[in-house]
Amino acid sequence: MITAQRAAIVLIAIAAIGFAPSSEAQVDCTTQTGNVILNCGFTTDLTLWAFSWGDSFTWTGADGDGSPGAVSVDAFNTGVDYRAAMNSGACISGPGGFFGAGGAFKVTSGGSGATQCEVNVVWYDNNCATLITASDIGTQIVGSSWTRIGTTGLSSPGVLEPIITLYCTDTVDFTVVFDDAVVADAWVPVELQSFTIE
Ligand SMILES: [Ca+2]
């Protein structure tokens, strides 16, 4: 059963496909200061995460980007395309002001070679009862190596509660692995942290 909230997330995620890609670079989610996504690295299980699109959602302790533990999702045939997505589920106390979001993706089987993946942040208020808006963190083509999407800082529409969705779509069936989800207040991308003035 697709709840209204989940349907809204999916619709927004679908609408976001086609947006310009963002650059990569983020640190491991478990060491990201201020990360509000709980169980961000799927370290031991899929606790707290909710399923959006997929035929199966399998925790894998043998895979992961940077640290062990990830989730393998076999895409669902919608009749229009194939989709795989998970969302952070429970209502989270979110950051306000400037923030960043990201996630790591890898296609492990199938796919056309042009699987499109993205990170999508949907903002709620009133304990996630009121949908406010969505922030799109870019769409990138993902292959068989780990690809990190996100890092572009955005302005939060207030101190709200985010739900993050890791989402991929393709024209043929595929299996994708997700890891390292981040939504963090005042997150400065790594490439900007390394910039110095002399
Ligand atoms: Ca991990």
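Where is the place of phenylalanine 42 in the chain? Phenylalanine 42 sits in the loop between α1 (4-16) and β1 (50-53). Helices (H or I, at least four residues) and strands (E, at least two) are DSSP runs, numbered from the N terminus.

**Basis of the model**

This is a predicted model, in which local features need pLDDT of at least 70, side-chain atom pairs count only at pLDDT 80 or more, and totals for chains, interfaces and linings use all residues. Residues are numbered from 1 along each chain as its sequence is written.

pLDDT is the predictor's confidence in each residue, from 0 to 100. The chain has a mean pLDDT of 81, and 79% of its residues reach 70 or more. Over residues 7-26 the pLDDT is below 50, and this stretch has 55 contacts in the model beyond near neighbours in sequence. Residues 189-198 also have pLDDT under 50. For residues 189-198 the model has 10 contacts beyond four places in sequence. Where pLDDT is low, the predicted coordinates should not be read in detail.

**Overall layout**

The chain has two helices and 12 strands. Along the sequence the pattern is α-β-β-β-β-β-β-β-β-β-β-β-β-α. Of the 198 residues, 46% are buried. A residue is buried if 20 or more other C-beta atoms lie within 10 Å of its own, exposed if 12 or fewer, and partly exposed in between, with C-beta atoms placed from the backbone.

Two residues are in contact if their C-beta atoms, placed from the backbone, lie within 7 Å. Among contacts with a separation of 6 or more, 78% join residues 24 or more positions apart.

**Strand pairing**

Two strands pair if DSSP finds at least two bridges between them. The table lists pairs with one example of bridge partners for each.

| Strand pair | Sense | Bridges | Example partners |
|---|---|---|---|
| β2 (residues 56-60) and β3 | antiparallel | five bridges | threonine 58 and serine 72 |
| β6 and β12 | antiparallel | 10 bridges | valine 107 and valine 176 |
| β6 and β9 (residues 147-150) | antiparallel | four bridges | phenylalanine 105 and threonine 147 |

Why is β3 largely enclosed by the rest of the structure? Four of its five residues are buried, so β3 is largely enclosed.

**The nonpolar core**

A nonpolar core is a set of buried Ala, Val, Leu, Ile, Met, Phe, Trp, Tyr and Cys residues joined through C-beta atoms within 7 Å. The largest one here has 44 residues. Val176, Phe178 and Val183 have the most contacts inside it. Seven strands are listed as each supplying at least two of its residues: β3 (70-74), β5 (82-87), β6 (98-110), β7 (115-125), β8 (130-142), β11 (161-170) and β12 (174-185). β12 gives the most to this core, with eight residues. In soluble globular proteins, nonpolar side chains tend to be buried together.

Valine 176 shows how these strands meet. Leaving aside neighbours within four places in sequence, valine 176 is in contact with Val73, Ala84, Phe105, Lys106, Val107, Thr108, Thr115, Cys117 and Cys168. One of these, Val107, is also the bridge partner of valine 176.

**Loop residues**

Phenylalanine 42 has phi near 50°, a positive value in a residue other than glycine. Phenylalanine 42 counts as buried because 28 other C-beta atoms lie within 10 Å.

Cysteine 128 also has a positive phi, near 70°. Cysteine 128 lies in the loop between β7 and β8. Is cysteine 128 buried or partly exposed? Cysteine 128 has 19 C-beta neighbours inside 10 Å, so it counts as partly exposed.

Aspartate 28 lies in the loop between α1 and β1. Aspartate 28 is partly exposed, with 17 C-beta neighbours inside 10 Å. Aspartate 28 and glycine 66 are 38 residues apart in sequence and 6.5 Å apart in space, C-alpha to C-alpha. Beyond four places in sequence, aspartate 28 is in contact with Gly66, Ser67 and Asp180.
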